[in-house]
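Hello,

Here is the structure you asked to have passed on. My notes on it follow below the files.

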Amino acid sequence: MKKLINEFLKGIVRENPTFVLALGLCPTLAVSVTLTNGVGMGIAATFVLLGSNVIIALIKGSIPERIMIPCYIVVIATFVTITEMVMKAYSPALDRALGIYVPLIVVNCIVLGRAEAYASKNSVSNSFFDGLGMGVGFTLALILISAIREFLGAGTLFGHALIKGFEPALVLGMPPGALLVIGLLLGFFNMLKNRKA
Amino acid sequence: MNKLIVSSSPHLHNKESVSKTMWVVAASLVPAGVAGVFIFGLSSLWVIIVAVISALATEALIQVLTKRKVSLIDGSAFITGILLAYNLPPDVPLWLPVVGSCFAIAIGKQVFGGLGHNIFNPALVGRVFLMASWPKYMTTFIQPLNAGVGFVQSMNYDAVTCATPLALLKEGKFAEQISYINLFLGNRPGCIGEVCIVALLVGAIFLFIKGYISWHIPITYILTTGVFTWIFGGKGLFAGDWIFHILSGGLVLGAFFMATDYVTSPLTRKGQIIFGIGCGLLTAVIRLWGGYPEGASYAILMMNAATPIIDRYTLNRIYGTK
Amino acid sequence: MSIAQFLTIFISAVFISNVILSRFLGLCSFVAISKETKPALAMSLAVMFVTTMSSIITWIIYRFLLIPFNLTYLRTISFILVIATFVQLVEMVIRKISPPMYRFFGIYLPLITVNCAVLGVAVLNIDMFFVGAKAVNGSFVYSTFQGICVGLGYTLAMLLMSGVRERLDLCNVPKALKDFPLAFIIASIMSLAFMGFNGFKF
């Protein structure tokens, strides 16, 4: 049990997919304009990660090595399609806001990376907790980035205005702002790491 | 220079120290600033002062925090502050130059390792950041005061907001034509340091004579913009008002004082000509078809990004190497 | 179909909505491979080729297979499979006919399969040039052209970035910002500069 919890926890800080492994940055930057979008994308990606990790850990023995990657992609794409359909049916507004970045979860390096590096070598339960940890780590990173961007770029959090008279820097809601925030955050975490070492 | 020295580029002027160059450039910028304050009133003087002080403060603060030598004396942060202020409308709230200068120095310069290492012109980085963040303030301009009496009245003068000539042109309503002579003297709405062409030219000629800038970048830049707007700027080909395009906006300020920045422009003459033509084309294209009325700052930044590549393909190779 | 339309697609794909600097597609490869100019250029050419070809192929599949059989919900799966197969095929062909070319950009080809830019442009084409389940006028040509332009935008960003980063090797960059963080900050400034083209109308 302790090992499983460890598998879960490592994705959150020690191997955080965004800040430590620098994987899956495309959706992170694109959708982190508002907290709502960030949380939505985090949950969607977590679902796909969990599903694909478990299925791949289940079938890992029965597929020949040469067609492994295509098989992974099919498994992942299936979960992404499910996510797409569910989102279109139950939350069309979120689906519109996330746009092409929902189908693009297929090529999110985190998902394929975990499938190849972890789920294909480990047991189902381990893979489940690995997927969950990575998903939560990814979601937390998204929450951090989108909170910064929504607060400074629009003056709101979850759409609620916070401080009266605050003039938001619109650029943080735009692509250059996303690149800037992630660059500075990566630098900040590097600094913490250097200080510890 | 009495002696003709034949050498292959890059031509390094070793005699001049960096800080002397910087202070001479700063001095050459003074006429344009004085003209700006005279034209728009005292509010623009405050913008300049605040921008310069915050640029110096940011530079010092970062250098202290990162335990580097504090180098305010080299004058580069001073110039960044001045140039940023020159690119702001005269009546902006005073927190705007503060934020702009901090951003210009921190993100435009210090993250690259300080003076001499920055890829982009810091003042322009600050300006486009402000432009994208607070477009409302960055595009609100005031009428020039009536020369002479204006300066005295400016303490309690109610500013009248209006659009710049280029912005009017963009909206397609260019009814009341501003005469070329007014454009030349700076009697038009615009940013603090860009309006008075004659003052800018005084500074530029001073730098030319002293040998601090060469003609390659500014002349090719201005000529390209002129030719391009002449060909495509009017109804039908070869009917554009190229004099208007050269005299308005931030073209002259940009061409002489920002595109010529040693650190962020190419080293060789050939590279500088490519750089100038690139700036000119991009400026004209943005002015004629882009969403913003003025494109000089964006054009220079884009060419700043291209400078390492230009250098790479125009630098003289050492014989025998690849 | 008109020249203005093509020009708008061009400016939009190369500058305003630059695939990397504004849409953030292919960001991983962008940061990883833009340290030197030569590999960056090789990767860009490979990407340009694949985005163009996959735009053509996915358009045909969507128009003549998915729409008639009412299978549009299989878009994501079918596109990614087709792209993966195509890339594999190209890799094999190149290895057979031109070993030097294979050495030049062969190693980057497998990476392209999971390059979001390729799938991104395919999905984007469908979103932009199909209304409901019907292709708009000139849809095929626009899609192909957009494929080329996205590739060009990728190349431009790669080329500029690799030049800048080569120069930064000589610079005294703060330790915490070395490599990745600084690459993102530079990309941010480039993206700010490209905003100059916002609202472009020919």
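The buried residues of helix H4 of chain B are B:Leu96, B:Pro97, B:Gly100, B:Ser101, B:Phe103, B:Ala104 and B:Ile105. Please keep in mind that this is a predicted model.

What do these buried residues pack against? Within chain B, they pack against helix H2 (42–65), helix H3 (76–86), helix H5 (122–133) and helix H6 (135–138). They also pack against helix H8 (175–196) of chain A. H4 of chain B itself covers residues 95–106, 12 residues in all. From its first C-alpha to its last, H4 reaches 16 Å, close to the 16 Å expected at 1.5 Å a residue.

Now to chain A. Its secondary structure consists of eight helices and two strands, and the order from the N terminus is α-α-α-α-α-α-α-β-β-α. The radius of gyration of chain A is 18 Å, close to the 16 Å given by the globule rule for 197 residues, so chain A is as compact as a globular protein of that length. Along the principal axes, its C-alpha atoms fill a box of roughly 60 × 50 × 30 Å.

Of the 197 residues of chain A, 52% count as buried. Among contacts in chain A with a separation of 6 or more, 74% come from residues 24 or more positions apart.

As for the surface, chain A exposes about 8700 Å², and carbon and sulfur atoms supply 71% of that area. On the charge side, chain A carries 15 positive and 9 negative side chains. The centres of these two sets lie 7 Å apart.

Regards

Conventions. Residues numbered from 1 in each chain as written. Chains lettered and ligands numbered in written order. Predicted model: local features only at pLDDT ≥ 70, side-chain atom pairs only at ≥ 80, totals over all residues. Heavy atoms only, no water. Helix = DSSP H or I, 4+ residues; strand = E, 2+ residues; numbered from the N terminus. Expected span 1.5 Å × (residues − 1). Buried < 20%, exposed > 50% of the residue type's maximum accessible area, 1.4 Å probe, protein only. Contact = heavy atoms within 4.5 Å. Rg over C-alpha atoms; globule rule 2.2 N^0.38 Å. Areas by Shrake-Rupley, 256 points an atom, 1.4 Å probe, with all protein chains shown as cover. Lys, Arg positive; Asp, Glu negative; His and termini not counted. Charge placed at Lys NZ, Arg CZ, Asp CG, Glu CD.
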